[in-house]
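Dear colleague,

My notes on it follow directly after.

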Amino acid sequence: MATDPRCPDCGVTMEGVDVRTGGGYELSVQTDEKREGLLGSLGMNESLDVSPRLCPECGLVRLYADL
Ligand SMILES: [Zn+2]
């Protein structure tokens, strides 16, 4: 992400943070797009990493998919 997004409520720059599941896995999002090649033919959808951003003022966390 070229520029850090701003909190929609506070207008301050949101900081990059790590969000983990309880098992320590990194989060990802699944799109409706089929993966290319063999995985797509097996019915696997495309998976995108996400970049969590935290507002230091109000604690809002947003997830941005790495498109
Ligand atoms: Zn905020």
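Thr31 lies in strand β2, which covers residues 28-34. The model is a predicted one. With a relative accessibility of 18%, Thr31 counts as buried, because the limit for that class is under 20%. Leaving aside neighbours within four places in sequence, Thr31 is in contact with Asn45, Glu46 and Leu48. The C-alpha atom of Thr31 is separated by 25 Å from that of Cys7, a residue 24 positions away along the chain.

Asn45 belongs to strand β3. A polar atom of the Asn45 side chain lies 3.1 Å from the backbone oxygen of Thr31. The Asn45 side chain also makes a polar contact of 3.0 Å with the side chain of Lys34. Lys34 stands opposite Asn45 in the strand pairing as well. Not counting residues up to four places away in sequence, Asn45 touches Gln30, Thr31, Asp32, Glu33, Lys34 and Arg35.

Turning to the strand pairings, β2 and β3 run antiparallel and are joined over four bridges. Strand β1 is likewise antiparallel to β3, with two bridges between them; here Glu15 stands opposite Leu54 of β3. β3 and β4 pair over five bridges, again in the antiparallel sense. Val50 has Ala65 in β4 as its bridge partner. β3 and β4 form a hairpin with six residues between them. In the turn of this hairpin, Gly59 has a positive phi of about 85 degrees.

Next, the metal site. A zinc ion is coordinated by the SG atoms of Cys7, Cys10, Cys55 and Cys58, at 2.3 to 2.4 Å. Why is the arrangement tetrahedral? The four donor atoms subtend angles of 105 to 114 degrees around the zinc ion, and the criterion asks that all angles lie between 85 and 135 degrees. For reference, the ideal angle for four tetrahedral donors is 109.5 degrees. The donor residues follow the spacing C-x2-C-x44-C-x2-C in sequence. Cys7 lies in the segment before β1 (15-16), and Cys58 in the loop between β3 (45-54) and β4 (61-65), so this pair ties together parts that are 51 residues apart in sequence. Cys7 is buried at 3% relative accessibility, whereas Cys58 is partly exposed, with a relative accessible area of 43%.

Finally, the charged pairs. How many salt bridges are there? The count comes to two. In one of them, Arg53 pairs with Asp4, the closest N and O atoms being 3.5 Å apart. Arg53 lies in strand β3 and Asp4 in the segment before β1, so the pair ties together parts that are 49 residues apart in sequence. Arg53 is buried, with a relative accessible area of 9%, while Asp4 is partly exposed at 42%. Another salt bridge joins the side chains of Asp18 and Arg20, with an N to O distance of 3.9 Å. Asp18 is exposed, at a relative accessible area of 64%, and Arg20 is partly exposed, at 45%.

With kind regards

Terms used: Residues are numbered from 1 along each chain as its sequence is written. This is a predicted model: local features need pLDDT of at least 70, side-chain atom pairs count only at pLDDT 80 or more; totals for chains, interfaces and linings use all residues. Side-chain values use heavy atoms; hydrogens and water are left out. Donors are N, O and S atoms within 2.8 Å of the metal (3.2 Å for Na, K and Ca); water is not among the atoms, so sites may look incomplete. Four donors count as tetrahedral if all angles lie between 85 and 135 degrees; four count as square planar and six as octahedral if opposite donors are over 155 degrees apart and all others between 65 and 115; anything else is irregular. Buried means under 20% relative accessible area, exposed over 50%, partly exposed in between (1.4 Å probe, protein chains only). A polar contact is a pair of N or O atoms within 3.5 Å; within protein, one must be able to donate a hydrogen and the other to accept it, and residues adjacent in sequence count only if both atoms are side-chain atoms. Contact means heavy atoms within 4.5 Å. A salt bridge is a side-chain nitrogen of Lys or Arg within 4 Å of a carboxyl oxygen of Asp or Glu. Two strands pair if DSSP finds at least two bridges between them.
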